[in-house]
Amino acid sequence: MLNKVIAMGYIVENPEYKTSHKDPEKEISYAKYRIGVEREYGEKGNRPVDFLACKVFGAAARFAHENFAKGDLVVVEGRMVSEKYGNKEQWLLSVINSSRE
């Protein structure tokens, strides 16, 4: 099956950069940020916006942390995943980035 997402939107908050400290030899860095993607219908400037959570890992996380800021227009490419969060049956759809521009 194909699971590929390409979206262009504006970053709505500065990326959050973190490093896992579970095992120093296998340390993994990651960055999380959200983008607002305008839908294609409606009057320009008054279109509905969808917000996508994005995650990047490793060198891409460092790049996002150092170069992305709130308000930047970006193109993300990756795969869509659903993650459970909280104590209830709550799900979050995220894009795991494989490339960025």
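User: Leu73 first: how accessible is it?
Analyst: Leu73 comes out at 46% relative accessibility, so it counts as partly exposed. Keep in mind that this is a predicted model.

User: And where does Leu73 sit in the fold?
Analyst: Leu73 is in strand 5, which covers residues 73-85.

User: Which nonpolar surface patch is Leu73 part of?
Analyst: Leu73 makes a patch together with Met8 and Tyr10, and that nonpolar patch is about 330 Å².

User: How much of the protein chain is buried?
Analyst: Of the 101 residues, 28% are buried. The chain exposes about 7400 Å², and carbon and sulfur atoms supply 50% of that.

User: Now the inside. How many residues are in the largest nonpolar core?
Analyst: The largest nonpolar core has 17 residues, and Tyr33, Ile35, Val56 and Val76 have the most contacts inside it. The elements that give two or more residues to this core are strand 1 (5-11), strand 3, strand 4, helix 1 (59-67) and strand 5.

User: Which strand gives the most to that core?
Analyst: Strand 3, with four residues.

User: You named Ile35. What is Ile35 in contact with?
Analyst: Leaving out neighbours within four places in sequence, Ile35 is in contact with Ala7, Gly9, Tyr10, Ile11 and Val12, then with Asp50, Phe51, Leu52 and Cys54, and also with Val74 and Val76.

User: What does Ser29 touch?
Analyst: Not counting residues up to four places away in sequence, Ser29 touches Tyr17, Lys18 and Thr19, plus Val56, Phe57, Gly58 and Ala61.

User: Switching to rings: how many aromatic pairs are there?
Analyst: The structure holds three aromatic pairs. In one of them, Tyr30 and Phe57 have ring centres 6.3 Å apart with the planes at 45°, so that pair is tilted.

User: Where in the chain are Tyr30 and Phe57?
Analyst: Tyr30 lies in strand 3 and Phe57 in strand 4 (residues 49-57), so the pair ties together parts that are 27 residues apart in sequence. As for accessibility, Tyr30 is partly exposed at 24%, and Phe57 is partly exposed as well, at 43%.

User: And what's the geometry of Phe63 and Phe68?
Analyst: That aromatic pair is edge-to-face, at 5.8 Å centre to centre and 85° between the planes. Phe68 counts as buried at 10% relative accessibility, whereas Phe63 is partly exposed at 34%.

User: Which aromatic cluster does Tyr33 belong to?
Analyst: Tyr33 forms one aromatic cluster with Phe63 and Phe68. Tyr33 also turned up above among the residues with the most contacts inside the largest nonpolar core.

User: Last topic, charges. How many salt bridges are there?
Analyst: A search of the whole structure finds six. One of them joins Glu77 and Lys4, with 3.1 Å between the closest N and O atoms.

User: How far apart in the chain are Glu77 and Lys4?
Analyst: They are 73 residues apart, with Glu77 in strand 5 and Lys4 in the segment before strand 1, so this pair links distant parts of the chain. Glu77 is partly exposed at 24% relative accessibility.

User: What about Glu16, which residue does it bridge to?
Analyst: Glu16 bridges to Lys18, and the closest N and O atoms are 3.1 Å apart. Glu16 is partly exposed at 35%, and Lys18 is partly exposed at 38%.

User: And Glu66 with Arg62, what's the N to O distance?
Analyst: For that salt bridge, the closest N and O atoms are 3.8 Å apart. Glu66 and Arg62 are four residues apart in helix 1, so about one helical turn separates them. Glu66 is exposed, with a relative accessible area of 53%, while Arg62 counts as partly exposed at 39%.

Conventions. Residues numbered from 1 in each chain as written. Predicted model: local features only at pLDDT ≥ 70, side-chain atom pairs only at ≥ 80, totals over all residues. Heavy atoms only, no water. Buried < 20%, exposed > 50% of the residue type's maximum accessible area, 1.4 Å probe, protein only. Areas by Shrake-Rupley, 256 points an atom, 1.4 Å probe, with all protein chains shown as cover. Patch = residues over 30% accessible without salt bridge, like charges linked within 9 Å, V, L, I, M, F, W, Y side chains within 5 Å. Salt bridge = Lys/Arg side-chain N within 4 Å of Asp/Glu carboxyl O. Contact = heavy atoms within 4.5 Å. Phe/Tyr/Trp six-rings, centres within 6.5 Å; stacked < 30°, edge-to-face > 60°. Core = buried A, V, L, I, M, F, W, Y, C linked by side-chain atoms within 4.5 Å.
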